[in-house]
Amino acid sequence: MFLKKLVEFILFSSIFIAGCAVALCIETNLLLHLPLNIISFYCFVFGATLAQYNLHYLVKTSAVKNSRRLAWSLKNKNLHKILFAIGIGLIFFSFLSFRLHHFIILGILGVIAFLYSLPIIPFGKKRRIKDYGFVKILTLALLWTLVTVWFPVVNYSFERNIFVFVFFKRFVFMFVLCLLFDIRDIEVDRKENIKTIPVILGKKRSYYLAYITLAVFVFLSIIQFYFFGNEGVLIAMLISALLTFFTIEITKKTNSDFIYLAGIDGMMLLQAVLVYLIGLKF
């Protein structure tokens, strides 16, 4: 019972996904053969992710049927507020290590992140980015890509061509993961008249799109290997894609919060671990 509550806390409090964000940032530096960032940088990424997701669940009122996460969130609103405050505290703690140009980009990313969850867009009936289905998935995938690919290396000199591959591969990979969550939320989004890709295409075709997009990720990984070498990175990416495929198959049979939060989100952490264990060995 204690272990189950601990797992629920780590997953439902967004501590796990904040850790995944940090892991992807580290993966980027490893892929580009760059030194890791200072600890305050990772505190910022962890804190910003923690704050954003806890804010999201502070205002979230609907989810898939029998969602344990929503029930947990509704019962732990005060905990979400505490975690949001901790996230904001980590952000301010990290600001001392940033330069002026960081704040301009961070300001833009921050505004987009808040517009995603909070109903404050000053026109139309739809007041949040997440209410615009196609824009929602592109925004979310792009935010994750900018934060975990561009942001960790902005102060370094690196091979631009490899960076382009890492950037687009990350975007494609995040698009797949975001699409799977949209497939899961298809009934809720249809009820709220949010035109996500699964609502427009249907569940079956959306799964096909996920497979095609995952195949694009594999194709880009092979092309990157052809031009720049490194068998270890290719093997890590292929294993990552294969395990993501198997996880997609599992989601067809269950909409369990644990499968999505530990499995789908966990693919981010898994890919970073694979790059560290395999990608650096060649």
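Predicted model: local features only at pLDDT ≥ 70, side-chain atom pairs only at ≥ 80, totals over all residues.
Residues are numbered from 1 along each chain as its sequence is written, and side-chain values use heavy atoms, with hydrogens and water left out.

Five salt bridges (a side-chain nitrogen of Lys or Arg within 4 Å of a carboxyl oxygen of Asp or Glu) are present. One of the pairs is R68 and E8, with the closest N and O atoms 2.4 Å apart. This pair links distant parts of the chain, with R68 in helix α4 (residues 68–75) and E8 in helix α1, 60 residues apart. Helices are DSSP runs (H or I, at least four residues), numbered from the N terminus. R68 is partly exposed at a relative accessible area of 38%, while E8 is buried at 9%; buried denotes under 20% relative accessible area, exposed over 50%, and partly exposed in between (1.4 Å probe, protein chains only).

A salt bridge also joins E187 to R190, with 3.0 Å between the closest N and O atoms. Both residues lie in helix α9 (residues 186–191), three residues apart, about one turn of the helix. E187 is exposed at 51% relative accessibility, and R190 is partly exposed at 41%.

S14, although not a glycine, has a positive phi of about 75°. S14 lies in the loop between α1 (2–12) and α2 (15–31) and is buried, with 0% relative accessibility.

Conventions: Helix = DSSP H or I, 4+ residues; strand = E, 2+ residues; numbered from the N terminus.
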